[in-house]
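Subject: Structure for your review

Dear colleague,

Please find below the structure that I would like to hand over to you. I would be grateful if you kept it open while reading the notes that come after it.

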Amino acid sequence: MSMSSTDKGLLTPDNCAVIFLDQQPELLCGVANGDRRVLLDNLQLLAKAARIFGVPVILTAVESKGFSGEIAPQLLELFPDQKPIERSSMNAWDNPAFVAAVKSTGRRNFLLAALWSEACLAFPALQMLEEGYGVYAVKDASRGTNPAAQETALRRVEQAGGVSVTALQVLLEFQRDWGRPEHREEVRAIVRERCGRDGAEARRPARGAHKAAAGRQRKRSQRMVQRKEINR
């Protein structure tokens with residue numbers, strides 16, 4: 001991957017594109033590693049990041065009519081004017097329309113989010129790397145059929161020169177500087193939505209510990225009063 005195709009190693013909305021591969025109901029049902037709700041949340045986060053910052057997006061589906069079903073409605077709703085590229089091959093790079101779509105973006109770096117990682121992510125990623133593209137596998141928006149499949153697919157892509165990232169990392173890398181006002185509030189809203197629940201959970205033990213400490217102090221005070229009463 002050429003460093004000149006990035007901003008000193010970082011992705012920006014102007015130097016990359018996002019590819020959603022085979023995010024389809026039947027394939028989602030075959031996922032065994034990770035919570036499916038979490039996967040869909042991360043998928044939406046990545047899609048929102050692309051939409052907010054105007055990053056080119058490619059949607060593609062494998063055998064949607066005969067096997068895998070339509071692309072997840074959460075994606076189609078965010079990109080209503082975009083028609084997914086239909087394929088028969090698990091390897092999107094075998095499909096001329098997909099290759100043409102990649103080239104038409106004019107970008108050299110691509111973020112890939114796919115089901116299943118061992119095939120529909122790894123196959124095109126490896127061949128795109130051979131063609132000189134920068135490939136970034138969005139780990140938490142992709143899944144294999146089991147943990148070993150996921151881990152092995154990502155390792156294979158990384159060994160070939162790809163990079164693993166997360167959906168939230170992509171959003172924050174696009175924003176990069178809170179001094180940039182154009183999309184700041186939209187990004188902050190997503191971050192608050194994503195991290196707010198975790199923050200609330202993190203605060204609960206602290207409040208519980210405070211209450212426990214206060215309870216212990218009250219008991220100590222009561223014992224001291226009792227001792228004073230006895231000594232009178």
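The notes below set out what was found, beginning with the chain as a whole and ending with single residues.

Please bear in mind throughout that this is a predicted model. The protein chain contains 9 helices and 6 strands. Of its 232 residues, 43% are buried. Among the contacts with a separation of 6 or more, 79% join residues 24 or more positions apart.

**The nonpolar cores**

The largest nonpolar core has 39 residues, and those touching the most other members are Phe20, Leu46, Leu111 and Phe174. Helix α2 (residues 36–52) supplies the largest share of this core, 9 residues. There is also a second, separate core of 25 residues, which includes Ala122, Tyr133, Val135 and Val157. As general background, nonpolar side chains in soluble globular proteins tend to be buried together.

**Helices α2 and α8**

Helix α8 (residues 167–175) packs against α2 at an angle of about 20°, and the two axes are 8 Å apart. Angles under 35 degrees count as roughly parallel, so α2 is roughly parallel to α8. Their crossing is left-handed. On the α2 side the contact is made by Asn42, Leu45, Leu46 and Ala49, and on the α8 side by Ala167, Leu168, Val170, Leu171 and Phe174. Sorted by type, the residues of this contact are 8 nonpolar, 1 polar and no charged.

Within α8, the buried residues are Ala167, Val170, Leu171, Glu173, Phe174 and Gln175. Phenylalanine 174 deserves a look of its own. Leaving out residues up to four places away in sequence, phenylalanine 174 touches Leu11, Thr12, Pro13, Cys16, Ala49, Phe53, Val55, Leu111 and Arg180.

**Helices α6 and α7**

How do α6 and α7 lie relative to each other? Helix α6 (residues 117–130) and helix α7 (residues 147–159) pack at an angle of about 0°, with 9 Å between their axes. They are therefore roughly parallel to each other. From α6, the contact involves Ser117, Glu118, Leu121, Ala122, Ala125, Leu126 and Leu129, while α7 contributes Ala149, Gln150, Ala153, Leu154, Arg156 and Val157. These residues divide into 9 nonpolar, 2 polar and 2 charged.

Lysine 139 is found in the loop between β5 (134–138) and α7. Beyond its neighbours within four places in sequence, lysine 139 is in contact with Gln150, Leu154 and Val165. Lysine 139 and glutamine 150 are 11 residues apart in sequence, and their C-alpha atoms are 8.7 Å apart in space. With a relative accessible area of 44%, lysine 139 is partly exposed.

**Backbone details**

- The peptide bond from leucine 115 to tryptophan 116 is cis, with omega near -15°. Tryptophan 116 belongs to the loop between β4 (109–114) and α6.
- Lysine 8 has a positive phi, near 55°, although this residue is not glycine. Lysine 8 sits in the segment before β1 (16–21) and is exposed, its relative accessible area being 77%.
- Arginine 176, likewise not a glycine, has a positive phi of about 65°.

Yours sincerely,

A colleague

Note on methods:
Residues are numbered from 1 along each chain as its sequence is written. This is a predicted model: local features need pLDDT of at least 70, side-chain atom pairs count only at pLDDT 80 or more; totals for chains, interfaces and linings use all residues. Side-chain values use heavy atoms; hydrogens and water are left out. Axes are lines fitted to C-alpha atoms, for helices over the stretch in contact, and angles run from 0 to 180 degrees between N-to-C directions. Helices (H or I, at least four residues) and strands (E, at least two) are DSSP runs, numbered from the N terminus. Angles under 35 degrees count as roughly parallel, over 145 as roughly antiparallel, 65 to 115 as roughly perpendicular and the rest as oblique. Contact means heavy atoms within 4.5 Å. Ala, Val, Leu, Ile, Met, Phe, Trp, Tyr, Cys and Pro count as nonpolar, Asp, Glu, Lys and Arg as charged, and the others, Gly among them, as polar. Buried means under 20% relative accessible area, exposed over 50%, partly exposed in between (1.4 Å probe, protein chains only). A nonpolar core is a set of buried Ala, Val, Leu, Ile, Met, Phe, Trp, Tyr and Cys residues joined through side-chain atoms within 4.5 Å. A crossing is left-handed if the near helix is turned anticlockwise from the far one by less than a right angle, and right-handed if clockwise.
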